[in-house]
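Please open the structure in your viewer and keep the selection tool at hand. The stops below say what to select next and what is to be found there.

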Amino acid sequence: MHDARGQIRRLPGLRLWLSGGWLLLLVLAAVFAPMISPHDPLEQDLFAARLPPFWQQGADPAYLLGTDSLGRDLLSRMLYGARLALTVALVAGTLTCLVGATLGLIAGYFRGWADLVISRLVDIWMAFPPVLFAILLIAVLGTGLTSIIVAIVVIDWTRFSRVVRAEAMSQGAMDYVASAQVAGRSRLGIALAEILPNVLPTIVALLTLEMGIAVIVEAILSFVNLSISTDQPTWGGMIAEGRTSIYQAWWVLVFPLVALFLTVLSFSQLGEGLKDYFDPVLR
Amino acid sequence: MSYLTIKDLTVRLKNGVPLLRKVSLEVKSGEVRALVGESGAGKSMIGKAVLGILPRAAKLTGGEILLDGEDLLTLPPKARRAKIGAKVALIPQDPLTALNPSRRVGPQITDRLVDILGWKRKQAEDRAAELLDEVHIQSPERVMRSYPHELSGGMRQRILIASAFAAEPKLIIADEPTTALDVTVQKQILKLIREMQERHDTALLFVTHDLGVVSKISQSLTVLYAGMVIEETDVRTFFAEPGHAYSRALLAATPKYTDPDGSLMPVPDSIISQVEQQVAAFDAQLKR
């Protein structure tokens, strides 16, 4: 019988390992892309166009995952594409988290007019369709890495502030907050030392989720050719190119799509696993 | 000598509805005063007003709260917080939410000693272990390293008591400290609070709706109805010959093991309407 409990407890561990493993692989690939890429991701070879992946008839072992319609090596392009995807995930995810969680904590614990202003702002923000909003922002800011990151932060901070606000409000009503107040702790001290640790598991889960979303948003922007300059390989850009030759060379579309899928899935699973890990009751 | 004196304390909701109607009471040094009344009578509100943790919707609109002869309400906020922190402590009602779930128990006790008395962490830890020993917790070191969810409700309430007495306050406000516990644990906790109060010679304002508890712990009591003081007396007089009809009705409503038929009487409507009239008359007088 006690085995059943053991298995339940093992599951989040496995989830953490699988998702963490994939993300670690991706980080290594991104960091060492110039060293491990078999080809220059931008080099075209029209004689080697649309070569299939290695297990198919007519494949060239020099091009492990095949080539696109301009004869560029898919594997190399994906490795370089991972660089942009991960940079955006980490930087945009973290910044969004900082902005959103801070505003949420202020609104949820300090309440009053700050809450009024922040909450109304969130309401207004949520009325915009996010992808259109992003495209509009890029159109105004111009393309480039900074613009993508700014766009993601500007669109998605509400995701954090809404959840963190609700969580901070319910924690703020607890007796331990009253006790800390009686003991003469300042409001800021209470927010940071008492409320924040209890909201942290939620923030961590949201943060990793947000990283996944950032990867998707980056892919969408790349797909519509609005991320970084077009000569740099991006997963979204590859998907867009692969779409035009789906019947002749499915692999051009499928490989970056699988990478995107696994990455987003890993981020969300990592978040779930970490949330359990950070929660003292479940730990 | 009176340590806490409350004079004409008035608390209203933001929309003007009164919660406390010119409440006056005092707690002498080293004395235990019970504050009794039905739910919603404003018992806890008095404690919260003294501690400066009134809920957002409530507003203190008049009166004085003298702590050790000094009016808390005229002090600037920072000085007031410091004074309350150093002299008054709270034993909260629900031990399950009164400890921060994501922090170990030890630091939550030592925080006060470090914050209020400016002690070193190590010194505070030794004192916390001593206090846990005083509230009869075995292996204090292990408990201090635990998270609240690893401990039972009774254990947590003991920890909260230890932590309330930690900085040697002169006054402790206990807000129904036994209500959330089951009856057998209630009795131990009550005994413990009494024991600690006597040993540390602390004044205690004990908020409760349980008259059985009152007879065991306090020397004097104040009966509250709708935020108004109905009767103020010492415990012996109260149980022998309660002065107000409402007090008599409250007593009759208390279950008694020795007299199962004569106890547990609901408070009669006639008496409710009598006190309601008294409250209405008081409000009318206030308006004039």
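Begin in chain A by selecting Trp235(A), Met238(A), Ile239(A), Glu241(A), Gly242(A) and Arg243(A) of α9(A), which meet Val252(A), Leu253(A), Pro256(A), Leu257(A), Ala259(A) and Leu260(A) of α10(A); two residues are in contact if their C-beta atoms, placed from the backbone, lie within 7 Å. The residues of this contact divide into nine nonpolar, one polar and two charged, where Ala, Val, Leu, Ile, Met, Phe, Trp, Tyr, Cys and Pro count as nonpolar, Asp, Glu, Lys and Arg as charged, and the others, Gly among them, as polar.

The model is predicted, local features need pLDDT of at least 70, side-chain atom pairs count only at pLDDT 80 or more, and totals for chains, interfaces and linings use all residues. Residues are numbered from 1 along each chain as its sequence is written, while chains are lettered from A and ligands numbered from 1 in the order in which they are written.

Now widen the selection to the whole of helix α9 (residues 235-244) and helix α10 (residues 250-278) of chain A, whose axes come within 7 Å and cross at roughly 150 degrees. Helices (H or I, at least four residues) and strands (E, at least two) are DSSP runs, numbered from the N terminus, and axes are lines fitted to C-alpha atoms, for helices over the stretch in contact, with angles from 0 to 180 degrees between N-to-C directions. The angle makes α9(A) roughly antiparallel to α10(A), a term for angles over 145 degrees, as under 35 counts as roughly parallel.

Next, select residues 74-110 of chain A, the 37 residues of helix α3, which should span 54 Å at 1.5 Å a residue, and whose end C-alpha atoms are 52 Å apart, in agreement; the expected span is 1.5 Å times one less than the number of residues. Of these 37 residues, 27 are buried, meaning that 20 or more other C-beta atoms lie within 10 Å of a residue's own. Arg111(A), which follows α3(A), has a positive phi, near 50 degrees.

Move to where the chains meet: 26 residues of chain B are in contact with 16 residues of chain A. On the side of chain B, the elements giving two or more residues are α2 (77-87), β6 (88-91) and α3 (105-117).

Finally, select helix α6 (residues 153-165) and helix α7 (residues 183-200) of chain B, which pack at an angle of about 15 degrees with their axes 11 Å apart. That makes α6(B) roughly parallel to α7(B).

How values were computed:
A residue is buried if 20 or more other C-beta atoms lie within 10 Å of its own, exposed if 12 or fewer, and partly exposed in between; C-beta atoms are placed from the backbone. Angles under 35 degrees count as roughly parallel, over 145 as roughly antiparallel, 65 to 115 as roughly perpendicular and the rest as oblique.
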